Amino acid sequence: MTSDEPSDRGAAERDPRLMRVSHDDRDRMVEILRDAAAEGRLDIDELEERVELALTARTFADLEPLAEDLPVPAPAPPAVRASAPAARAEGEAERWRGMGQRFRREGAWRVPLIAELESYGASVRLDYTVAQLPPGGRSELRLSTMGGSVRLTLPPWIAADLTGVDTYGGRIRDNASRHAVPGTATHVLTVTGETHGGSVRVDVSNTK
């Protein structure tokens with residue numbers, strides 16, 4: 001253990017990008033670069049240069065510039081639990097990730113107070129019809145999606161607020177709000193974040 005490790009740990013808690021990357025993080029970055037080259041976004045020299053930098057990266061901040069001009073972002077650091085007491089006071093976020101596959105929450109699943117969904121080309125469906133809602137009459141879904149789709153199915157007693165979602169080349173369809181009956185909602189689902197080239201759709205469930 002070196003004498004500067006405590007200060008490194010403190011810096012990482014202040015800025016998660018300063019956390020050390022793992023072998024899996026480096027391998028994921030190399031995969032992103034090779035896919036970009038296969039799509040014609042990088043030439044051979046650029047690919048070789050960036051792969052070398054990815055394999056020798058020490059922190060997430062080292063990886064970020066390698067994908068800043070690509071449609072798929074570099075691997076992101078995990079949440080730093082020790083640096084977020086305020087988030088814990090409100091309810092610690094539950095993190096979900098979908099990578100090019102189906103992601104489902106259906107039936108009597110437990111809805112977290114705060115959920116963070118990171119999706120790359122995945123087909124996501126969250127059905128709240130008989131889900132177990134948190135107390136307090138509110139919950140939050142934070143989106144960070146690249147391609148793919150996110151479909152929310154809501155019963156009449158849940159209202160969705162999508163005003164905090166930014167779209168870049170994608171679209172949002174809120175069918176539930178068009179069929180909502182004023183005064184029937186007892187829970188508000190606030191959806192925030194951004195989607196790049198994907199779709200977000202909200203439907204009303206058939207509760208009959």
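Me: Buried means under 20% relative accessible area, exposed over 50% and partly exposed in between, with a 1.4 Å probe and protein chains only. Which residues of helix H2 are buried?

Reply: This is a predicted model, in which local features need pLDDT of at least 70, side-chain atom pairs count only at pLDDT 80 or more, and totals for chains, interfaces and linings use all residues. Residues are numbered from 1 along each chain as its sequence is written, and side-chain values use heavy atoms, leaving out hydrogens and water. In H2, the buried residues are Asp-25, Arg-26, Met-29, Val-30, Ile-32, Leu-33 and Ala-36.

Me: What puts them on the same side of H2?

Reply: They cover an arc of only 155° around the axis, the arc being that of the directions from the helix axis to the C-beta atoms, and therefore they lie on the same side of H2. On the other side, His-23, Asp-24, Arg-34 and Ala-38 are exposed.

Me: Why is Trp-96 called buried?

Reply: Its relative accessible area is 5%, which is under the 20% limit, so Trp-96 is buried.

Me: What makes Trp-96 and Trp-109 an edge-to-face aromatic pair?

Reply: Rings of Phe, Tyr and Trp (its six-membered ring) pair if their centres lie within 6.5 Å; planes under 30 degrees apart count as stacked, over 60 as edge-to-face and the rest as tilted. Here the centres are 6.0 Å apart and the planes stand at 65°, so the pair is edge-to-face.

Conventions. Helices (H or I, at least four residues) and strands (E, at least two) are DSSP runs, numbered from the N terminus.
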